[in-house]
Amino acid sequence: MNWKSMIAASVATAAIGASAAQADDRVAVIVKATTSEYWQWVFKGAEDAGKQLGLKIEKLGTPKDDAAGQISVLESAAGSKPAAIVISPTIFEALGDPIAKVTDAGIPVIVIDSGAKTDKYASFLTTNNEAGGRAAANAMAACIKERTGKAAGKVGYLTAMAGHESLDSRDKGFVEGMKAYPDVKVVGNRVANNEEAEGMNLTADMLTKDPDLVGLFADNAQMGTGSGASINEQKLGSKFCLVAFDSDAGELEHLKDGSIYALVIQDPYMMGFGGVWYGFAAAHGVRLPKNVDTGVGTVTKANMNDPKLAGLLDVSKRKLGPYLGD
Amino acid sequence: MQALLRRLPIESYVIAFTIALWVALAWATPNFLTESNVSNLMRQTPIAAIVAIGVMCTIVIAGIDLSVGSVAAFCGVAFAQMCRHDFGLAPSAALTLLAGVSVGLTNAAAIGRLGIPPFIVTLAGLQVYRGLALLLAGGMTVGGLPAEVKDFARGTTGLPNLFWTMLAVAIAVHYLLRYTRTGRYLYAMGSNAEAARRQGINTFRITVVAYVLSSGLAALAGVLLVSRLSIASPSMANAYELQAIAAAVVGGASLFGGRGTVLGAVVGAILFTTMSNAAVLLGVDPFWEMVLEGLLIALVVYLDNLQKRRQSGA
């Protein structure tokens with residue numbers, strides 16, 4: 001072996017050593033759509049966990065929901081050999097095999113928010129969206145009863161986008177949940193393209209079609225904001241029952257002005273935070289529970305100022321106390 | 001009679017079709033011709049129509065503007081951030097429109113001076129301004145705006161304020177296109193840019209007029225959208241460029257340039273709003289609604305071509 005190849009070999013060894021050292025302190029977090037507020041909150045949770053663990057968080061994803069794009073992002077992320085990958089699959093069927101392949105390559109995968117068609121992952125942290133939909137149905141019934149004396153009348157629901165597992169589960173939970181109130185009829189459903197302005201138009205149009213509609217369920221933040229704006233514009237706040245999923249600046253405003261009766265909130269911060277912690281644990285050989293429910297809650301004007309909810313409604317106020325402390 | 005029908009511009013068919021649709025809807029559903037639904041339509045159309053008028057101006061000079069949706073989002077977010085930081089409503093709106101105008105100047109300079117095709121320039125803009133909107137909003141919905149912000153778009157002065165805004169924009173641009181020399185030059189340049197140049201028309205100046213109108217009106221649409229929603233979202237106004245192109249084309253504009261009117265673009269926008277309104281009132285499946293809208297665009301362009309071929313005697 002001459003000196004040139006010696007140097008080449010040692011440089012190569014050093015490079016491998018360096019990249020291995022680098023790999024240990026990186027976790028890739030791949031979301032569905034980097035341009036949405038919800039996923040920014042997932043990133044915030046992931047970064048806070050990264051700070052605690054001394055890990056570098058790589059924030060990845062496609063700008064909009066795009067399964068093919070997400071598979072490419074996942075493959076490149078896996079190619080750089082991070083300690084773990086946290087991913088929210090855009091489409092259940094499409095991401096199954098690519099996730100299984102990453103697991104087979106020895107990189108632990110933590111799935112968050114939405115499922116994928118595989119069981120080759122370390123853990124799955126998600127909102128039980130169907131339970132969320134049922135919570136919305138219960139809030140709807142409570143609102144109608146509060147305003148009209150009994151839980152009876154026509155309600156509709158507004159779907160943000162077609163063909164999304166998490167949204168479909170919410171709608172299913174809502175429709176199922178409403179069956180517990182036999183006098184409430186679910187009469188209408190419209191599908192938007194995940195835009196506030198379209199949610200606003202559709203709400204007005206649905207009310208035109210069924211002027212006796214007493215309530216509407218909006219199944220994500222964009223729909224909630226749009227519907228809230230329409231109810232506010234028509235000054236129906238005190239008569240109409242709008243229940244929406246998630247919380248963002250627009251929804252909170254309409255919760256305050258009374259256009260939205262209740263928000264069903266989930267915990268995206270904890271999905272990011274827990275996802276990174278779990279990924280770190282899995283990379284160190286810890287066995288994890290296969291499914292973790294990160295929970296849903298219902299917020300109305302009555303309890304929106306509860307300090308316990310502050311960090312859930314506005315993640316910038318999120319504080320993580322010591323686990324056993326208060 | 002047949003000769004007269006042939007000579008009628010395509011807008012008249014689209015207007016007739018829209019009116020026929022209204023009559024059918026008024027007959028088929030009890031809620032179409034109600035005061036509240038008409039007022040809803042008057043609020044739902046203007047933002048799309050204003051964007052369509054701007055894009056139509058670039059189509060007239062045989063250009064295109066794909067950046068309007070992103071520009072509306074970027075300007076809307078900028079407007080919201082300025083309002084939130086107490087710039088005051090009027091100064092914020094004025095600065096936002098100024099930002100829109102600068103976007104138009106940049107586009108026109110890239111097209112007219114650097115010679116980059118408008119499709120590419122504005123495709124780049126579609127990415128750039130969406131990205132800037134997200135950066136400026138930090139990826140989040142911008143809320144907490146002063147209450148006066150929403151008063152304009154939600155308010156009425158006899159008719160909804162949004163409707164009056166659309167009317168004012170439409171009349172102003174119609175006047176410019178129809179009764180000024182600049183307007184005539186826009187059509188001349190769209191029909192044959194080389195001939196226009198030889199006649200001594202300053203084609204760069206005309207390019208500036210078209211793209212400044214397009215981006216400026218997109219910025220106005222952004223402000224109105226924020227006023228309507230009472231928030232700004234960096235992902236709003238997605239694919240508005242395609243809606244605008246569809247409205248302009250259905251209203252008789254030709255992507256080869258030289259043809260297009262304000263009335264056509266407005267009627268095109270009204271037609272699409274009516275169709276989505278009708279889909280809800282009639283309970284049409286939303287996926288079929290998309291199919292029908294697409295078929296309508298194809299049909300109108302086909303009829304238009306047919307008419308042109310007949311006129312040329314082929």
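1. In this predicted model, chain A is divided into two parts, with domain 1 built from residues 3-127 together with 268-288 and domain 2 spanning residues 129-265. The centres of domain 1 of chain A and domain 2 of chain A, taken over C-alpha atoms, are separated by 35 Å.

2. Where these two domains of chain A meet, domain 1 contributes 7 residues to the contact and domain 2 likewise contributes 7 residues. On the side of domain 1 of chain A that touches domain 2 of chain A, the residues comprise 2 nonpolar, 3 polar and 2 charged.

3. Turning to the contact between the chains, 26 residues come from chain A and 28 residues from chain B. On the chain A side, the elements that give two or more residues are the helices α2 (37-53), α7 (196-209), α8 (221-233) and α9 (249-256), along with the strand β7 (184-191). Of these, α7(A) supplies the largest share, with 10 residues. By residue class, the side of chain A that touches chain B divides into 10 nonpolar, 7 polar and 9 charged.

4. As to confidence, the predictor assigns the complex an ipTM of 0.86 and a pTM of 0.87. Chain B has an average pLDDT of 92, and 96% of its residues score at least 70.

5. Within chain B, which element has the lowest mean pLDDT, and which the highest? The lowest mean, 66, belongs to helix α1 (residues 2-7) of chain B, while helix α4 (residues 46-60) of chain B has the highest, at 98.

Terms used
Residues are numbered from 1 along each chain as its sequence is written. Chains are lettered from A and ligands numbered from 1 in the order in which they are written. This is a predicted model: local features need pLDDT of at least 70, side-chain atom pairs count only at pLDDT 80 or more; totals for chains, interfaces and linings use all residues. Domain bounds come from an automatic or database domain assignment. Ala, Val, Leu, Ile, Met, Phe, Trp, Tyr, Cys and Pro count as nonpolar, Asp, Glu, Lys and Arg as charged, and the others, Gly among them, as polar. Helices (H or I, at least four residues) and strands (E, at least two) are DSSP runs, numbered from the N terminus. pLDDT is the predictor's confidence in each residue, from 0 to 100.
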